[in-house]
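Hi,

Here is the structure I promised to send over. Please open it in your viewer first, and then read on for my notes.

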Amino acid sequence: MKIPRGFRFGGVACGLKPARRDLALIVSDVPAAAAGLFTVNTAAAAPVLDGRGRVPAEGIRAIVANSGNANALTGPGGLDDVAVIRAAVADLLGVQKRAVLTASTGVIGVRLPAMKVVAALPGLVELLGDHADHAAEAIMTTDTRRKLASREVLLGGKNATIACIAKGSGMLAPQLATTLAFVVTDAAVAPKTLQEVLARAVHQTFNMLTVDGEMSTNDTVLALANGLCGNPRLSEPSPDLALFEVALTDLLGELARAMAADGEGATKLCEVVVAGAPSEEAARDVARAIAHSPLVKASLFGADPNWGRVLATVGSRAGSQGWAIDPYKARVSLQGVMVFTGGAPTAFDTEALRLRLREPRVDVLVELADGEARATAWGCDLSYDYVRINADYTSMIVQQPDGMMTKEENVAAYTPAFKRTLLVEALKYIGHFSGQIAVIKYGGAAMVKESLKVAFAEDIALLKKVGLKPVIIHGGALEVTRTLEKLGERSEFIDGMRVTDAASLPVVEMVLTGKVNQELVSLLNARNAGAVGLSGKDGTLLKAEKRGLESGVDLGFVGRVVEVNRQFLQMFLDGGYVPVISPIGITPDGTGLSINADEVAAAVAAALGAKKLIYLTDVPGILESAPDGALLRQITGPELRRRVDTGSITGGMKWKVEAIETALAGGVERVHVLDGRQPHTVIAELFTDRGVGTLVTAT
Ligand code: ADP
Ligand code: MG
């Protein structure tokens with residue numbers, strides 16, 4: 001986030017919360033024009049009662065906000081507490097009390113210990129600087145991510161910046177404002193104009209946001225404009241004012257989406273567009289109603305393409321609000337897939353759509369045939385966790401060592417009924433696993449992204465516990481490329497295979513065997529997986545020979561597997577260990593050769609007589625065509641070969657197909673190509689009948 005001129009931010013822990021930042025301060029070095037919007041909840045909190053009559057105004061210098069206590073419904077003392085805090089801030093900054101605005105969020109009905117705030121303020125003022133991230137963190141409640149963003153806009157030849165920090169999570173409703181959002185800009189804007197522009201921007205953004213339809217007692221949006229960028233002050237409608245409004249609306253839109261995506265218990269963001277409505281009011285009402293419908297939200301959580309609930313909501317609003325809307329003439333699309341048109345459902349591919357509904361963002365489009373008006377609303381899905389958080393708030397939200405809050409996502413957090421169903425389902429599969437060998441090729445994003453690495457290690461440890469015998473072969477092309485780059489060497493690829501010369505071979509070995517392999521072993525053994533790191537050189541595990549020319553080019557020290565030392569591997573498996581193999585082979589004279597990990601995985605699977613071979617990659621599976629063709633859910637080896645020959649499978653996937661053929665020919669029954677970008681995809685594949693990604697069989 002870029003900080004506008006003349007603004008300083010800070011955030012500290014003042015003790016309202018056990019051990020994290022809970023007090024934020026934003027200061028303008030010069031008096032600023034101010035505007036604000038507040039909750040229309042009549043059980044408004046003390047800072048709202050205090051602030052709402054004081055904007056729009058000139059001469060504002062500071063916003064002080066706390067989390068951990070809403071200062072709402074706390075009796076007459078609540079307003080005294082606001083006054084004490086305002087006076088303390090004014091004193092420290094040497095400004096008037098009327099120049100200070102306040103906001104609070106947190107528990108309702110508990111008196112705010114104002115003295116804790118007052119005691120922390122001198123230290124906070126001392127720390128003021130470009131710490132917008134600390135301020136954004138200090139206003140978080142059950143948010144799991146900080147929300148801050150900025151935009152730049154040219155006004156009268158001057159570069160103005162608009163920045164905003166916000167918090168969202170639960171108790172968000174499309175009534176007014178949001179929970180807390182503070183906008184600061186170095187543009188010069190008259191207070192009344194700022195108020196009007198802010199109101200219009202909020203109307204399009206925060207007011208189109210719904211998480212749970214509950215309206216907070218504390219919703220507050222404040223804006224400060226200090227004019228330090230030097231533009232001619234905006235006070236009348238003008239092209240510059242229009243530019244400013246567009247930038248502000250865009251900025252608040254980004255934060256509204258961030259709030260929806262981070263809603264309590266949310267697993268995905270939902271954007272609802274209603275077009276062709278008879279009036280803007282109708283479009284807004286219907287869009288918000290869809291984003292708000294608990295039935296629509298629950299089906300989104302379950303990735304169920306239940307479009308009937310969308311259209312039912314349209315009809316319900318038309319009937320109850322008297323909108324001139326005919327649902328039978330509507331067209332409905334989910335993730336761009338038309339599901340209803342011409343008064344009837346379409347014959348869409350349910351399974352394909354179900355898969356797409358697992359994505360982190362779901363788009364719902366309702367095209368009405370009743371007018372020209374259009375509106376967009378944002379919401380999220382409704383998960384078990386929403387109830388869990390709000391039924392048993394404290395055990396669901398856990399604190400990390402650094403004080404940040406995260407959602408606890410283990411099964412213990414689910415309802416007893418769901419847990420039972422899950423266990424019954426899962427136990428059925430666990431029986432099949434005992435003693436089975438599964439070879440897993442670990443590659444792509446799953447190897448790079450921290451959270452995915454952890455999820456992978458957890459899956460493997462778990463599979464081992466239920467009696468499966470995993471064998472892991474890892475890639476590491478990305479790490480190798482990066483390291484070579486650091487050493488000033490460029491990597492050359494022929495058809496997705498790296499050309500490896502005598503100078504880069506030791507680097508390849510060092511990165512794959514020395515680094516990637518050892519990191520993975522550590523990660524696994526931190527979960528007691530019994531991992532053993534091996535290179536293909538160890539015990540002559542992978543006897544290899546140099547590859548011939550590829551497209552007429554000598555690939556250098558790149559090999560293919562001649563033989564796998566099965567007995568050596570079997571020894572580890574019999575001992576209950578999980579072999580983790582780096583794709584380096586050895587020639588009879590002891591030279592190392594780099595081998596495509598896909599090929600190693602296939603050779604190992606065939607040698608061990610594994611029933612299952614799993615490839616983790618960076619695409620949803622094998623596609624009709626890369627990069628966005630439809631997913632091939634199940635396919636045979638010969639059919640794959642045909643697709644390589646016709647050119648619809650290329651690059652790295654072509655080598656994977658070659659490897660898959662080797663595996664199938666060697667007796668492996670099922671080969672899976674899975675999306676490693678989805679956490680726990682290995683478990684998802686093994687524990688469900690349908691599976692995920694692409695399944696390849698011999699015939
Ligand atoms: P990794 O070996 O790490 O899994 P690769 O980059 O070697 O990843 O191989 C996967 C890549 O193959 C995909 O990212 C995609 O760009 C490419 N590809 C080419 N054709 C297809 C296809 N038909 N289906 C899926 N991926 C394909
Ligand atoms: Mg590859």
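**Backbone notes and the rest**

Gln335 is buried, at a relative accessible area of 6% (buried means under 20%, exposed over 50% and partly exposed in between, with a 1.4 Å probe and protein chains only). The residue sits in the loop between β10 (331–334) and β11 (337–341); helices (H or I, at least four residues) and strands (E, at least two) are DSSP runs, numbered from the N terminus. Its phi is positive, about 50 degrees, although Gln335 is not a glycine.

Before I go on, the ground rules. This is a predicted model, in which local features need pLDDT of at least 70 and side-chain atom pairs count only at pLDDT 80 or more, while totals for chains, interfaces and linings use all residues. Residues are numbered from 1 along each chain as its sequence is written, chains are lettered from A and ligands numbered from 1 in the order in which they are written, and side-chain values use heavy atoms, with hydrogens and water left out.

**More on the backbone**

Ala303 also has a positive phi of about 50 degrees without being a glycine. Ala303 belongs to the loop between α8 (294–301) and α9 (307–321), and it is buried, with a relative accessible area of 7%.

There are cis peptide bonds to look at as well. One joins Val55 and Pro56, with omega about 0 degrees; Pro56 is in the loop between α1 (46–51) and β3 (57–66). Another joins Ala626 and Pro627, again with omega about 0 degrees, and Pro627 is in the loop between β27 (612–617) and β28 (634–636). I list these because most residues other than glycine have a negative phi, and most peptide bonds are trans.

Helix α16 covers residues 505–525, and its 21 residues should span 30 Å at 1.5 Å a residue (the expected span is 1.5 Å times one less than the number of residues). The C-alpha atoms at its ends are 28 Å apart, which agrees. Where does α16 bend? The bend is at Asn517 and comes to about 30 degrees, taken as the angle between axes fitted to the seven residues ending there and the seven starting there. Asn517 is also among the buried residues of α16, which include Leu505, Val508, Glu509, Val511 and Leu512.

Thr500 is buried, at 1% relative accessible area. Leaving aside residues up to four places away in sequence, Thr500 touches Leu505, Val508, Leu555, Gly556, Phe557, Val558 and Ser594 (contact means heavy atoms within 4.5 Å).

Arg482 lies in helix α15 (residues 477–486) and is partly exposed, with a relative accessible area of 42%.

**Helices α18 and α20**

The axes of α18 (residues 597–608) and α20 (residues 651–665) come within 8 Å and cross at roughly 10 degrees; axes are lines fitted to C-alpha atoms, for helices over the stretch in contact, and angles run from 0 to 180 degrees between N-to-C directions. The two helices are therefore roughly parallel to each other (angles under 35 degrees count as roughly parallel, over 145 as roughly antiparallel, 65 to 115 as roughly perpendicular and the rest as oblique). Asp598, Glu599 and Ala602 in α18 meet a set of α20 residues including Trp655, Lys656 and Ala659.

Is Lys656 buried or exposed? At 6% relative accessibility, Lys656 counts as buried. Not counting residues up to four places away in sequence, Lys656 touches Lys441, Asp598, Tyr615 and Thr617.

As for α20 itself, its 15 residues reach 22 Å from first C-alpha to last, close to the 21 Å expected. After α20 comes Gly667, with a positive phi near 105 degrees.

**Cysteines**

How many disulfides does a search of the whole structure find? The search finds 0, a disulfide being a pair of cysteine sulfur atoms within 2.5 Å. The cysteine sulfur closest to that of Cys164 is in Cys229, 18 Å away and so too far for a bond. Cys164 is buried at 0% relative accessible area, and Cys229 counts as buried at 6%.
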